[in-house]
Amino acid sequence: MDKKKQCSFYILSLMILLWSNNANAQGPPIFTDTPIMLGLDGGGIRTFGNFISKENAKVYIHPIIVPYNITSKWQMGVIAPFVNKVPEGAESRFGFGDLKLYAKFQIHQKDGKGKTFRTLIKVTESFPTGNTKGNPPLGSRAYQTAIGLVSGYITTKYGIYGEIAYNVTSNGLADNLLYNLAFGYPLLPQKYPPKQLNLFLELNGNYVFDGIGNNLHLSPGIQYIAGRKLLFESGIQLPLDEPSTEGQQTNYSLRIGIRILIF
């Protein structure tokens with residue numbers, strides 16, 4: 001996608017998000033985490049396909065995410081990814097990626113009429129379960145521990161979400177700082193059972209230390225809540241800033257997914 005097309009897409013996304021003054025409800029962001037957890041003893045499944053187009057490769061990642069609430073303020077979950085890498089001029093590779101376990105604990109909640117502000121601590125541990133014997137590798141070859149905060153101010157008319165985390169890596173890999181910001185805007189009046197169409201505009205960043213550089217993406221997306229237990233979502237990430245690594249520049253990343261509440 002050339003610069004002119006990217007600029008036009010950004011402007012169109014902003015115009016869409018500023019449209020409609022009858023918004024009354026919304027779901028979680030597509031790329032940024034949310035401080036709103038499932039209900040007490042709630043369990044769910046989230047899965048999506050993530051297609052990444054790079055200059056010299058195509059990558060498809062399909063994780064299965066299973067969250068479960070231990071209490072109303074404490075949630076644990078597992079992320080099991082399947083990875084398919086297709087480098088230009090070489091054989092493709094498919095297999096299981098790096099398994100992740102995470103825990104969330106809510107530390108602040110302030111509710112008002114039609115609004116809430118919440119903050120939680122999130123810890124994620126990544127295990128090097130992905131096969132790294134071939135080329136390209138399917139895993140990182142490293143244990144990783146990310147510790148961060150997730151906050152959100154959510155009203156019946158809009159939502160603002162923020163996330164920041166420091167990721168410590170092993171095996172000589174550089175640590176990195178993850179940061180995300182999201183704005184959500186519902187387009188339909190509130191009703192029960194819920195039927196809602198939400199638009200999101202997000203900034204998703206990852207600063208890699210040891211002089212490697214910053215990755216920053218603009219991520220517009222759309223989400224349809226089909227009922228109390230089901231939603232569909234899709235979004236695209238467009239690069240704003242990336243380290244100048246030859247052949248590794250990202251053209252775009254497309255995500256299409258579903259979330260199901262079981263209990």
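Q: Which two strands form a hairpin with two residues between them?
A: The hairpin is formed by β5 and β6, and Gly 114 in its turn has a positive phi of about 70°. Strands here are DSSP runs of E with at least two residues, helices are runs of H or I with at least four residues, and both are numbered from the N terminus. This is a predicted model, in which local features need pLDDT of at least 70 and side-chain atom pairs count only at pLDDT 80 or more, while totals for chains, interfaces and linings use all residues. Residues are numbered from 1 along each chain as its sequence is written, and side-chain values use heavy atoms, with hydrogens and water left out.

Q: In what sense do β5 and β6 pair, and over how many bridges?
A: They pair in the antiparallel sense over 12 bridges, where pairing requires that DSSP finds at least two bridges between the strands. Gly 112 stands opposite Lys 115 in β6, and Lys 115 also has Thr 155 in β7 as its bridge partner. β6 and β7 run antiparallel too, joined by 12 bridges.

Q: Is Lys 104 buried or exposed?
A: Lys 104 is buried, with a relative accessible area of 7%, and Asp 33 is buried as well, at 13%.

Q: What else does Asp 33 form a salt bridge with?
A: Asp 33 also forms a salt bridge with Lys 122, where the closest N and O atoms are 2.8 Å apart. Because Lys 122 lies in strand β6 and Asp 33 in the loop between α1 and β1, this pair ties together parts that are 89 residues apart in sequence. Both Lys 122 and Asp 33 are buried, and salt bridges that share partners join Asp 33, Lys 104 and Lys 122 into one network.

Q: And which side chain meets Asp 111 in a salt bridge?
A: That is the side chain of Arg 118, at 3.9 Å from N to O, and Asp 111 counts as partly exposed at 47% relative accessibility.

Q: Last one: where is Glu 233, and is it buried or exposed?
A: Glu 233 is found in strand β12 (residues 230–241) and is buried, with a relative accessible area of 4%. Leaving aside neighbours within four places in sequence, Glu 233 is in contact (heavy atoms within 4.5 Å) with residues including Pro 28, Arg 46, Ile 222 and Arg 259.

Definitions and conventions: Buried < 20%, exposed > 50% of the residue type's maximum accessible area, 1.4 Å probe, protein only. Salt bridge = Lys/Arg side-chain N within 4 Å of Asp/Glu carboxyl O.
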